[in-house]
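The sequence and structure are shown first.

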Amino acid sequence: MAPTSTIVAITSAGYSHTCRTEMATLDSLKQALKQKAKATASSPKQPLSDTQYSAGFDILVRGSGWMTYQDFIIPQLFQLLAPLFNSRIHISALEIGPGPKSLLGYLPGRLRRKVRKYTAFEPNGLFATRLEEWLCSTSETESPLLYLENPPDIHRIPFVLQDNIGSGTSTGTSDDDEKYDIILFCHSMYGMKPKHRFIERALEMLVERPQGGMVAVFHRDGALHLDGLVCHRTASFPTGVVSVANDDEVLDCFASFVAGFIMQDVDVDKAIRVDWRKVCRALGRREEAHPDHLLFSSPNVMAAFTQHATTLPELTAQVPLVKGNKTIKNREARLHRPASIIRPTEVRHVQQCVRWALKHGVGLTVVGGGHSGHCLWPNVVSVDMGAFDQVHILTAGEDGGDSGSDSGSLVVAEAGCKTGDIVRKTMAAGVTVPLGARPSVGAGLWLQGGIGHLARLHGLACDAIVGAVMVSVDSSQVLCVGCVPSQHRPAGAVRPENESDLLWAMKGAGTNFGIVVSVTFKSYAAPTFLTRNWVVPLSDNLEARLRLSDFDKLVARKLHWNCSADAYLYWDAGQLHLGVQFGGLEDDFKAVDGVSLFETEMYVSGMHGGHGGGKTSSFKRCLFLKRIGEANVADRLVAAVETRPSPLCYLHLLQGGGAVGEVAADATACGCRDWDFACVITGVWPRDQDGTEAAQSAVRWVYDVAGDLLSLSSGAYGADLGPDPRDAALAAKAFGPNRPRLARLKHSLDPRNVLAYACPLPKAPVEQKLIILITGESCAGKDYCADVWVSVFIRCIHKSLTARAVSISDAIKREYAAATGADLSRLLWDRAYKEQHRPALTTFFQGQARQRPRLPEEHFLNVVYGAVDVDVLLITGMRDEAPVAALSHLVLDSRLLEVHVQASEQTRRIRRGCHGGDGDGDHNKDSNNSGSNLTALDYRPSLIFDNDTTGNEAAKRFAEHYLLPFVHEDLQRLANMVRQVADFPRPGIEFRHVLGISQQPGGLALCTSLLQTHFTGDWAKVNAVACCEVGGFVYASALASRVDLPLVLIREAGKLPPPTVSVIKPPSHISSLAFNNSKEKRIEMERDVVPRGASVVVVDDVLSTGETLCAVLQLLDEASIGAEDVSIMVVAEFPVHHGRELLRQRGFGRINIQSLLVFDGA
């Protein structure tokens, strides 16, 4: 493993994230309890019994302790496992220390039903028994894992480093070589030392094929130090709290659980219990709302690992590491232990870091100035750009004449430069750049805004950016963006296709889209700054509000752009003060240059004896405010300072307006422009109190004040924000109207989320992937059509789409070549060679299918998850009958269509003689069958394309008319109208309110319009629209009116006048969920309301299990309307319930079934 660099501290301006609560952590309580026992007792210690441990654990997870599970562990587990579960047909799971209930039992039902094998290590006998009883319950509402193929295998022993599967007491059968898709360390890794070895042992137990298995760790209190293991993903929950009743008996139970032991001697144990109660009461925090409870902080972390967790040596062998100590400004970042800190010295080193991250599916952080709390992250590789520290000033004409810049000097600053470095060098040349207000801040500030001394005159730092060189985190290419002087463009750098979008995003959110190597700024003439400070003591809160109002209305609002007035609200010498710092280009001020200006900041030298020199630590968050003199704003500002937990905390109000507000909100990614002051809420504490309650209290104060001011603000400053969940509400206001555009660009430019720990951007709305399964006889032209249709999607002028065509049969060809020694390249590309091997290929495939019954599903999922980056995936070489019915439940987040390509026997014979025909291998197809032999199928494909003509025009027209509508934005609009309701009609069900579309403005009209236009039949040949109450009535009646057709009503028996025909209908899916005693009902329609042999379109709101539609089709058959004369259209389909397959099994497979929307859930 690569060595981890030592992190040391410098000066005082670091931003950090610490625990929100000011009470002691469980870890500090544990240390205090152990210390008390060591100091006062000589009796031997005794491990807790199962009963004692169980009682303590129950206290831990009840009440507020359960909130950690509800708000963090369960949501994180779902986000982590959903992609893994969706990529598997079945899941095998191992839980280590699950306690009395499996964490998997809290996942949504659609994920839980995939768990077919379950193993656990639970050494606590009481927990193991309760777990077994829960998992083996025969009640459908209680047992969380109903689809296990064998009883759960619960080992009543600890998980140890040597192989102990199959040892110890077990409730099921096991195998010494068990492999798992997911392994969970459920409730912390206490007692497992060294922790990295236990994770490495778990990694060895992951399945090898298919790849993608995962080890997930949930751990309380403190970071996981894992000696070079690299996380696939990590998250923190610093706000967890445990509430314990302030009762002697409860505290005795809880304290021994936290300490992990009791005293062997009974009398000594009684005495130590008394001392432990005192420790708990001394360290626990009391709140007025719960005076009879003690609160303890219980921060949690989650870390997930894949088989790639041990690949760090592969990177460190290629690129240089940080040598010696690495200085980091940010206090909390210094507490993080990264997997390694890489220090590239050449651009190719940065590229190698990105390639490594992409190859192994891990993230990276970037260190610039070291002010960010997320520049280092636990068990994540950090890229320190400090070696790129050059500043270049180019006068007009020095850029080679081809930069495209306006006249004037350009400043090229490499990403390792600090603001002070740039200002010193540019001032010496008579120019400057409007950068931040501190000399030690780096590129992260410039790229995310940059509020400095010249902001009112020249705008934010990001406004001065005209170009950049960066390494793409999607391709690892070196990108040249915007205006970059030719002599500073690395060899091989390319212009990205979306250059204008990327330059726009760099100006305000630039840490999210690539690793920046250098930034090109436009420069301005270097001014001489004139400064003057005033401090006004304030006698009371009323005077504070009045003075603040006067400052805002009579001073700040009247200043010219070349002047600024910043304010400070702070407490000093027992009194509230308003400090004012004027700066500008007017007389009667102290004159300083741009370098000396840094030291004139009031907080550096004029407050609390000066905050410079490394005497204090701080934590900051910044909101944008208007009209700070108005009563509602001024009152909250004054109240904020009143509630400060430390005398050193203060509010810094930096004046905005001027050039900042002249830039349109959507002109750069930095969309917060309409503000008068940036309110920097600054929690400060003495440096020697880092990590204590004083520091925790200051951080909590910052977040509390920010939350109180958020509703009055016009935005938040993104440069401070990171993956801490407490930043989420602020990040939501960080980019003004630009959030949707930034979300789309993040999805496009960093699709693998390599820069996952930068300022959080919203996730782009997830639009369903369209998967088109292309079937047909050999030599019908399927591959050719697929290529044509890919080009149609890519060139779609209404929407930017990515599309790809792949052959599913390539997988079996690879396996065949490996087994027989056949030439794989020729099998893939040489038609004649493939035809020679076709019989053997067919035999090989059939043999593999017999050995691996799930082989088609495996190949399908491998293809789908190999194309996660495309919007439209076209798959040829399909061998499945009714593939949409057979496969759609495997990809619940995608829409599946089947296009059956057919051609005449003569056309296929001609193509078979050519060398450029299909490259697919339909090994179960008879090549002598007619291409029009659709009548032999027992199902109907979604669409049929006759490919008998030469050229590509017919294929293009087909795609434009029938395929492009499936990616039209109107379908996404409709999908957005379907509200998701959790735990309805019972817990564990994710309900989609499809009928709710009709309750939204324009919803019914949009839905019926799409039903009309998406119908692949001919409305002129349809005689009636039929529907079954109640969901069908809503949409069918509107559609029937739109297409001017009669409506055939199907209702419960007894609600229509005779004569009628009727059949039995099972309860609908939702009814059966909502009412356990739902019974069959009889449905009916009026006899002869539709002529015998009429063409009917059945319309319903949903297709779920298919039982309702089966009953409707049986009823129509009773009325002499055959299946060949019926089509089905539904608003939403839920493939997880296999409705299409049921219709096929009941003999209705040849009916054309169309759905507008596809959802998972119920």
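## Charges over rings

In this predicted model, the charged end of K30 is placed over the ring of Y190, at 4.6 Å from the ring centre. A further contact of this kind involves K45, which lies over the face of F261, 4.6 Å from the centre of that ring.

## Aromatic pairs

A pair of aromatic rings is described by the distance of the centres and the angle of the planes. The structure holds 29 aromatic pairs. One of them joins Y53 and F127 in an edge-to-face arrangement, with 6.0 Å from centre to centre and 70° between the planes. Y53 belongs to helix α2 (residues 50-61) and F127 to helix α5 (residues 125-135), so this pair ties together parts that are 74 residues apart in sequence. Y53 counts as partly exposed, because its relative accessibility is 34%. F127, at 2% relative accessibility, counts as buried.

Another edge-to-face pair is formed by F72 and F218, with a centre-to-centre distance of 6.4 Å and an angle of 85° between the planes. Since F72 lies in helix α3 (residues 64-86) and F218 in strand β7 (residues 214-220), the pair ties together parts that are 146 residues apart in sequence. Both F72 and F218 are buried.

Y53 and F127 also belong to one aromatic cluster with F57 and F257.

## Contact of α2 with α5

The helices that carry Y53 and F127 have axes that come within 8 Å, crossing at roughly 65°. On the α2 side, the contact is made by D50, T51, Y53, S54, F57 and D58, which meet G125, L126, F127 and R130 of α5. By class, the residues of this contact comprise 4 nonpolar, 3 polar and 3 charged.

## Salt bridges

Across the whole structure, a search finds 40 salt bridges. Three of these pairs are tabulated below.

| Pair | Closest N to O distance |
|---|---|
| R201 and E204 | 3.4 Å |
| R545 and D635 | 2.4 Å |

R88 is in the loop between α3 and β3 (91-96), and D181 is in the loop between β5 (153-155) and β6 (182-185), so the pair ties together parts that are 93 residues apart in sequence. R88 and D181 are both buried.

R201 counts as buried at 11% relative accessibility, whereas E204 is partly exposed, its relative accessible area being 46%.

R545 forms a salt bridge with D635. With R545 in helix α16 (residues 541-555) and D635 in helix α18 (residues 631-642), the pair ties together parts that are 90 residues apart in sequence. R545 counts as partly exposed at 25% relative accessibility, and D635 is partly exposed with a relative accessible area of 31%.

Salt bridges also link D248, D252, R277 and R281 in a network.

## Strand β14

K326 lies in strand β14 (residues 326-328). At 11% relative accessibility, K326 counts as buried. The C-alpha atoms of K326 and G370 are separated by 9.7 Å, these residues being 44 apart along the chain.

Definitions and conventions:
Residues numbered from 1 in each chain as written. Predicted model: local features only at pLDDT ≥ 70, side-chain atom pairs only at ≥ 80, totals over all residues. Heavy atoms only, no water. Phe/Tyr/Trp six-rings, centres within 6.5 Å; stacked < 30°, edge-to-face > 60°. Helix = DSSP H or I, 4+ residues; strand = E, 2+ residues; numbered from the N terminus. Buried < 20%, exposed > 50% of the residue type's maximum accessible area, 1.4 Å probe, protein only. Lys NZ or Arg CZ within 6 Å of the ring centre and 35° of its normal. Axes fitted to C-alpha atoms, helices over the stretch in contact; angles between N-to-C directions. Contact = heavy atoms within 4.5 Å. Nonpolar A, V, L, I, M, F, W, Y, C, P; charged D, E, K, R; others polar. Salt bridge = Lys/Arg side-chain N within 4 Å of Asp/Glu carboxyl O.
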